[in-house]
Amino acid sequence: MKKFVSFFLITVMLFSSAAVFNSAAEFKYTDIASEEEWALLDLINRYRAENEKGIVTMLVGLQDASGIRSKELLTNLSHYRPDGNPWHYILGENGIEYTTDSFEIISSNYSDPESLIRALSQSPVNAEKLLGDFSHIGIGYSASDNTANSSSFCIIGIRCSYKSEYTLCNSEGIHLNYGDNTEKIDVTLRSSCSHGVAYMKVLDSMIRGYDPEAIGTKKISVRHDGAYLPFYIVNDYTDSKPGAWYYDAVLSVTDNGYFTGTGKGEFNVKGEMTRAMFVTVLGRVAGVNVSEYEGSSFPDVKAEQWYSPYVEWAAKSGVVQGDNKGRFNPNNPITRQEICVVLCNYIDKNAIELEQKNAAVEFADEDKISDWALSSVTYIQTRGIVSGNNKGQFMPRNNASRAEVAVIVDNFSALLPK
């Protein structure tokens, strides 16, 4: 009968917890604890990690129990409750199994979690408890100006022998700066077992696969208790932040491998795009196998340059031509109208048909578009790949910035057959 009652209580608690958290859309796991309680949990887990002990999670039901106990401790710092019963009676009241290895640590008049953890780690009895074999924790913190103690902490730990399932919370939309370390990754681990649900902030030592200098969207993971929990983060360029008109395009062309930065986490958004750079980017969009293109068709392109295989591909495929002296001029900035011509050449040579998206625009500075580029500008504009500025100008002979080209390439690549 005793076993049946115990099983019944655990089952009811598990299903009632699931019902509460699945039906309450307004539930936020951060609300189960105060700032001081979350901070102390993080410090305890760091203390355990330093001593090669497993992390512990904040159990929702246990959190409720420790909160009640912390209020009781404001008037009477004792392991006995105001009604004279031992502290562990609070566990039964909250539907939590009590075992002989469950423990309670109580303290009063500590102003912050940091000073408390220092004191507890220096106490052999309390340090042994904190480093013991337990898996769930509840942390209660209360403060009052009208009680015997101005503040109190209650830490309750229990050991869980049930199999836990893990998921991640707040692991979406994480943006980091170039060079940030793993401590900047603020992700919460959610565990679920027969005791209910529990949470903890992921320690930086649990993060795997993170490179602070790897720009773009990257897949990393949390490793814990044999579980592999992948998620994505974005390491932003130092000069390209969310909200900028070019941000999405810069991130997209980086993730697709069309562009790389210019070093030290910078995309160089305002930098001019050279002819060699543009042909290289277009070659990456085309998936060119650079090992198939050796030598050089242009006297001013040396075969050993980083861009030479892409220039040779563009020359052999008819995407680019030299000037009237047969030179490619790789280091010259590429203009907006030249980009349109090169893109049209690529479209024509590969027999690509792109649907018209926009009506043709008569730009305010259309008279400045060269005759050899006019039809290409019109075609690329009507396909939604380029546009003019807010004054209705196309600025055909302006040198294109890297940010502008990122937007153009992103628009263009999205239209290509997959």
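**Close-up 1. The second largest cavity of this predicted model has a volume of about 30 Å³.** In this predicted model, the residues that line the second largest cavity are R275, V279, V320, F328, I334 and V342. Sorted by class, the lining of this second largest cavity holds 5 nonpolar residues and 1 charged residue, with no polar residues. Rolling a probe the size of a water molecule over the atoms shows where empty space is left.

**Close-up 2. The largest cavity, with a volume of about 40 Å³, is shown with the residues around it.** The structure holds 2 cavities of 30 Å³ or more, and the lining of the largest cavity is made up of I215, G216, N235, D236, Y237, S240, Y247, V250, L251 and T254. Two elements, β11 (227-236) and α7 (247-255), each give two or more residues to this lining, and the largest share, 4 residues, comes from α7. By class, the lining of the largest cavity divides into 5 nonpolar, 4 polar and 1 charged residues.

**Close-up 3. Helix α2 (residues 35-50) contains N45, and α2 also crosses helix α5 (residues 113-121).** The axes of the two helices come within 9 Å of each other and cross at roughly 35 degrees, and the crossing of α2 past α5 is right-handed. On the α2 side of the contact are E36, A39, L40, L43, I44 and Y47, which meet P113, E114, L116, I117 and S121 of α5. The residues of this contact divide into 8 nonpolar, 1 polar and 2 charged. An α-helix has 3.6 residues a turn, so residues three or four places apart point the same way.

Close-up 4. Is N45 buried or exposed? N45 counts as buried because its relative accessible area is 1%, which is under the 20% limit used for buried residues. Leaving aside residues up to four places away in sequence, N45 touches I55, V56, M200 and L203.

**Close-up 5. Helix α9 (residues 308-316) is mostly covered, with 7 of its 9 residues buried.** The buried residues of α9 are S308, P309, Y310, V311, E312, W313 and A314, and these buried residues pack against α8 (275-286) and α10 (336-349). After α9 comes G318, whose phi is positive, near 80 degrees.

**Close-up 6. W87 is found in the loop between α3 (60-73) and α4 (89-93).** Although W87 belongs to a loop, it counts as buried because its relative accessibility is 10%. Not counting residues up to four places away in sequence, W87 touches R69, H79, Y80, R81, Y98, S102, F103, E104 and I156. W87 and Y162 are 75 residues apart in sequence, and from C-alpha to C-alpha they are 24 Å apart in space.

**Close-up 7. K391 is found in the loop between α11 (371-382) and α12 (402-415).** Why does K391 count as exposed? The reason is its relative accessibility of 65%, which is over the 50% limit used for exposed residues. K391 and E52 are separated by 339 residues in sequence, and their C-alpha atoms are 64 Å apart in space.

Technical notes. Residues numbered from 1 in each chain as written. Predicted model: local features only at pLDDT ≥ 70, side-chain atom pairs only at ≥ 80, totals over all residues. Heavy atoms only, no water. 1 Å grid on protein atoms, 1.4 Å probe; cavity = no way out; pocket = protein on both sides within 12 Å on 5 of 7 lines; lining within 4 Å. Points joined across faces, edges and corners; volume = space filled by probe spheres on them. Nonpolar A, V, L, I, M, F, W, Y, C, P; charged D, E, K, R; others polar. Buried < 20%, exposed > 50% of the residue type's maximum accessible area, 1.4 Å probe, protein only. Contact = heavy atoms within 4.5 Å. Axes fitted to C-alpha atoms, helices over the stretch in contact; angles between N-to-C directions. Left-handed = near helix turned anticlockwise from the far one by under 90°.
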